[in-house]
Structures are given as C-alpha cells and as structure tokens.
Amino acid sequence: REHANIPLKPGVGFTLIKSLLELNKVAERPVVDIILVSRKDAESGQRIIVSINFYELPIKQMSFTGGTDVTI
C-alpha cells in the first residue's frame, strides 16, 4: 500500500504494448485494443492502474482475478 501511487518501471512487454498502440495512430483509427488480465486483486492492481495513467496508455478494459488462473 505504501507504494500504491508510485508507477511501476516499464517491463519486458512495455515496448510491445506501445508499438501495438502506435498502430492506431498510423491507421488513424482504432485497430488495436489492449485488455489487461491480471491475477492480482483489484486493490493491489491499483499500482497497475496508476502506471497505466502515468504512461498515458489508452487501456480501458481490465480484469483483476484475485489469483484465479485465467488459462484454464
């Protein structure tokens, strides 16, 4: 909770996400939509939301499963 408002540092997938979202600018219309699915719960996902806003990523759809495996 102490770090909830501190954005995360970009990880290995950050460049891929930025590149995919750049396609929307090149095409001048939405062709890519990113949907975040995380095993974190909504409370601990707050830092992820802070990071999305900090890096100005247009990610609007998120699901925090609270530990449930989403690959089954």
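Phenylalanine 54 is exposed, at 51% relative accessibility (exposed means over 50% relative accessible area, buried under 20% and partly exposed in between, with a 1.4 Å probe and protein chains only). This is a predicted model, in which local features need pLDDT of at least 70 and side-chain atom pairs count only at pLDDT 80 or more, while totals for chains, interfaces and linings use all residues. Residues are numbered from 1 along each chain as its sequence is written, and side-chain values use heavy atoms, with hydrogens and water left out. The structure holds two aromatic pairs and two salt bridges.

**Aromatic pairs**

- Rings of Phe, Tyr and Trp (its six-membered ring) count as a pair if their centres lie within 6.5 Å; planes under 30 degrees apart are stacked, over 60 edge-to-face, and the rest tilted.
- Phenylalanine 14 and tyrosine 55 have ring centres 5.1 Å apart and planes at 65 degrees, so this pair is edge-to-face.
- That pair links distant parts of the chain, with phenylalanine 14 in helix 1 and tyrosine 55 in the loop between helix 2 and strand 2, 41 residues apart.
- The rings of phenylalanine 54 and tyrosine 55 also form a pair, which is edge-to-face because their planes stand at 85 degrees, with the centres 4.9 Å apart.
- Tyrosine 55 is partly exposed, at a relative accessible area of 23%.
- Phe14, Phe54 and Tyr55 make up one aromatic cluster.

- A salt bridge (a side-chain nitrogen of Lys or Arg within 4 Å of a carboxyl oxygen of Asp or Glu) joins glutamate 22 and lysine 25, with an N to O distance of 3.8 Å.
- Both residues lie in helix 1 (residues 14-27), and because they are three residues apart, about one helical turn separates them.
- Helices (H or I, at least four residues) and strands (E, at least two) are DSSP runs, numbered from the N terminus.
- Glutamate 22 is partly exposed, with a relative accessible area of 37%, whereas lysine 25 is exposed, at 59%.

**Salt bridge between distant segments**

- The side chains of arginine 39 and aspartate 69 form a salt bridge with an N to O distance of 3.1 Å.
- This pair connects distant parts of the chain, 30 residues apart: arginine 39 sits in the loop between strand 1 (35-38) and helix 2 (46-54), and aspartate 69 in the segment after strand 2 (61-64).
- Arginine 39 is partly exposed, at 48% relative accessible area, and aspartate 69 is partly exposed, at 30%.
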